[in-house]
Amino acid sequence: MQQLTREAAFDLPIKFLQFGEGNFLRAFVDWQIDLLNERAGLNAGVVIVRPIARADMPLLDTQGGVYTTLIRGLNEAGEAVKEYRKIACIQREVDVTSMYQDYLALAHIPTLRYIVSNTTEAGIAINDTDAYDDAPAATFPAKLTRLLHERFTHFHGAVDKGLVLLPCELLDHNGDLLKAAVKHFATRWELGAEFDSWLDTACTFCSTLVDRIVTGYPRDEMGEIEAETGYRDHFLVTAEYFYLFVIEGPKWLADELKLGQAGLNIQLVDDITPYKQRKVGVLNGGHTAMVPVALLADLETVGESVDDADVGQFLLSALDQEIIPALPLPREELDTFAADVLRRFRNPYIRHRLESIALNSWSKFAARVMPQLQTCIAQGHTPSRLILALAATMVLYRGKVIRLADDAANLEWFAAGWQKVDSGEWSLATLAREWLAYQPLWGCDLNALSGLTDGLTQALTAITEHGMRQTLKAMA
């Protein structure tokens, strides 16, 4: 079968430098750049920088930079769709470890304007050991600082050669964090006040929020896919239909990126915080609240849970009555986002196992669900479904349903706590009270929240005495 390759190589001006060659950036950022080129005439080429050498993964150059995205899921009408697209904006891939001089030469490209990155949450890190002359430095911010200083020096500090930085790492205020990390190395390396001023005046560090499930290379489906496309693509990547890119940045970015002409779900905002709260509360919080309930109802995947009469209604009611009212955006906007989330959960092309989502449940619950639970109580409303999700997670940590994976201290606490319940030393009320008082996780004693201790005790009792199915039916 014919191998996918580029018809015309290196034919777009380089405007984007991308740290990270992984599936997410290729099915999210590069996919959007390709559409901006087609729909709005952005005319932007991308060079990928591979920040960490991987001998087992060839460079995208072996296919001339071109690859295929397969986007599939439920559209706005609830219809199953799938769309193939050849992505042609990638012009080159540079391995910073083996091609370090080529990497520094990228700073000399006059058309370069944007840097995007996805180096994992641990990627925006600093140390006191990376040196200016390392070839390359170990951390991503040190590599980036060296590149930015190379550009500053090559263009003699020209303000119009500054760059816009769009980090996509899943960290709050990722733009601020990246700028602080760059400034750390600039100070440590004594790069001077002029470079420091150039970073402030010529460069723009934007915080971002990214949202798309990217499922990667569909190894088990490649025979069928190759029959449909008529070619072989070793870099093909699959992703869900939904996507959202929120950028906290100056308004002139909209014109520069031609956003108004492309019809993409890219939102340029003054404050990213409420959008982060919306995603964490509705999408992540919905997941986290539903998963323990669904597992205790003997379900296995997200899709079947949403379609289940009992669990699906639990999720709808939790979103409608407890999660959305506790969030700081207009109700209509939140309802629209929740409808998108439910379509994503029902995606027939993704078999998302509940057990995999249940990993590290307690840190997720504290970050994603507890803020809405607390807000509901502060508003004078008892969030019975979120309290049930809290109780269900506690029952899940009895260790009889799935293999548990969490912080060792949390696992040890529940092993000891349930043992005391089983021996009769503790009642369920004591278990509830002691867990709500566990400050290493919550940072405070949650027993102070009106009605929470009694509500949690009642939910624990209902689950352990009647089972999850009967508890859900009684709540409906």
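**Salt bridges and a sheet**

Modeller: R92 forms a salt bridge with D102, and their closest N and O atoms are 2.9 Å apart. By salt bridge I mean a side-chain nitrogen of Lys or Arg within 4 Å of a carboxyl oxygen of Asp or Glu. Bear in mind that this is a predicted model, where local features need pLDDT of at least 70, side-chain atom pairs count only at pLDDT 80 or more, and totals for chains, interfaces and linings use all residues. Residues are numbered from 1 along each chain as its sequence is written, and side-chain values use heavy atoms, leaving out hydrogens and water.

Colleague: Which parts does the R92 and D102 pair tie together?

Modeller: R92 lies in strand 5 (residues 90–95) and D102 in helix 3 (residues 100–105), so the pair ties together parts 10 residues apart in sequence. Helices (H or I, at least four residues) and strands (E, at least two) are DSSP runs, numbered from the N terminus.

Colleague: And how many salt bridges by that rule?

Modeller: The count comes to 31. K179, K183, D196 and D200 are linked in a network of them.

Colleague: Is K183 buried or exposed?

Modeller: K183 is buried, at 18% relative accessible area. Buried is under 20%, exposed over 50%, partly exposed in between (1.4 Å probe, protein chains only).

Colleague: Switching topic, what order do the strands take in the open sheet?

Modeller: The order is 9-12-13, with mixed pairing. Strands pair if DSSP finds at least two bridges between them. Strand 9 and strand 12 (residues 244–248) are antiparallel over five bridges.
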